[in-house]
Structure formats: C-alpha cells, structure tokens
Amino acid sequence: MAEDLTINTSTDKAEQYATLVPQIEALLYGEPDLVANMANVAAALKEQFRWFWVGFYLVKENELVLGPFQGPVACTRIGLGKGVCGAAWQQAKTLVVPDVDAFPGHIACSSLSRSEIVVPVFKDDKVVAVLDVDSELLDQFNETDAQYLEQIVKLVNF
C-alpha cells in the first residue's frame, strides 16, 4: 500500500473509522516492528481526525513511558493510577473524559487539551500500553470512538 491515506470528510465518525480501519490494517500488514506500527497508527488517526494529540504510552516496570506520538511534546512518564492514562491502565478499561478539568488528578501535559480518551492495550490479558488521544474541544469523544479505537489497538501486534 502507498503510504497515503484516503481521508473521509464525512461528519459521521463511524463512516470515517470504516474508511480508516482497513487502511490501518494495510499499513500494519507484514510489518513486525512495534515502534513503526505505533507511529503509523498515531499518524493515521491524527491525519484523519485532526485531533490535538495522539500517541502511545508503554508499560515499563511500574509506570507508563512515552512512545510514538503525533502532536506537541508530552509528559514522558506517568505513574499507575495518575491522570487519565494511569487510571485507564489501573482500571484496564477505556476512559472517555468529556472535560479533562473535571477529571480528578488530571495531568495537564498541555493546557490546550480539553477532552480525552484513553484505550488500554492488552497482551495475554495484561495491559501493556495505552493509546491516548486528546482534543482541544470539549466532549470530543464518545462510544463510537471507544469502539473503533479498541478495534484499532488490537491490530497492533504488541
């Protein structure tokens, strides 16, 4: 596959994801390198949706460590249960946060971030990473995002 995406400009998120998911599958097909695959997933999501920040944090010992991402510089390390990322890791579930300022203990890597979704990545029933997505808009994420982003992280061979 060429490394160009077909961007779906529909206002329907499900339609956008339906166009994007097969393209991500093609980008990842046959590529064994984890870093390359995380980088391409982050780039594809950022390009399609124009979100403020998209990236991965990897579980290393007792903290999340910054992995491939698209967007401004970010927090490098996050503890278990700290912020939205640490909470999603600790709870082993996707967290959708409509207003990050209302989330207890939110870590403000950027004051421009207003809403967030964090999707845990599992290997052998254990969280090994999280996909973190931030928007400059309030209430940007919903169940459609959760459903498709959970599907997308399963495509990455951790």
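1. In this predicted model, six strands form an open sheet in the order β3-β2-β1-β6-β5-β4, and their pairing is antiparallel. Because β3 (77-79) and β4 stand at the edges with a single partner strand each, one side of each is left without a neighbour in the sheet. Averaged over the sheet and with direction ignored, neighbouring strands are turned by 25° against each other.

2. The pairing of β5 with β6 is antiparallel and extends over 9 bridges, with Phe-122 having Val-127 of β6 as its bridge partner. The hairpin that these two strands make has 2 residues between the strands, and Asp-124 takes a positive phi near 55° there.

3. On the β4 side, 3 bridges join β4 (residues 95-97) to β5 in an antiparallel arrangement, and Val-96 stands opposite Ile-117 of β5. Elsewhere in the sheet, β1 and β2 (residues 63-70) run antiparallel and are joined by 6 bridges, with Val-54 placed opposite Gln-70 of β2.

4. Which strands does α3 lie across? Helix α3 (residues 83-91) lies across β1, β2, β3, β4, β5 and β6, and runs at about 35° to β5. Helix α4 also packs on the sheet, where it touches β1, β4, β5 and β6, and its direction makes about 35° with that of β5.

5. The largest nonpolar core has 31 residues, and those with the most contacts inside it are Leu-45, Leu-131 and Leu-149. At least two residues of this core come from each of α1 (13-28), α2 (34-49), β1 (53-60), β5 (115-123), β6 (126-135) and α4 (143-155).

6. The surroundings of Leu-149 deserve a look of their own. Setting aside residues up to four places away in sequence, Leu-149 touches Tyr-17, Leu-45, Ile-117, Val-119, Leu-131 and Val-133; among these, Leu-45 and Leu-131 are listed with Leu-149 as having the most contacts inside the largest core, and Ile-117 is the residue of β5 that Val-96 stands opposite.

7. Is β5 mostly covered or mostly uncovered? Of the 9 residues in β5, 7 are buried, so that "buried" here stands for under 20% relative accessible area. The strand is thus mostly covered, while also pairing with β6 and with β4.

Notes
Residues numbered from 1 in each chain as written. Predicted model: local features only at pLDDT ≥ 70, side-chain atom pairs only at ≥ 80, totals over all residues. Heavy atoms only, no water. Core = buried A, V, L, I, M, F, W, Y, C linked by side-chain atoms within 4.5 Å. Buried < 20%, exposed > 50% of the residue type's maximum accessible area, 1.4 Å probe, protein only. Helix = DSSP H or I, 4+ residues; strand = E, 2+ residues; numbered from the N terminus. Contact = heavy atoms within 4.5 Å. Pairing = 2+ DSSP bridges. Axes fitted to C-alpha atoms, helices over the stretch in contact; angles between N-to-C directions.
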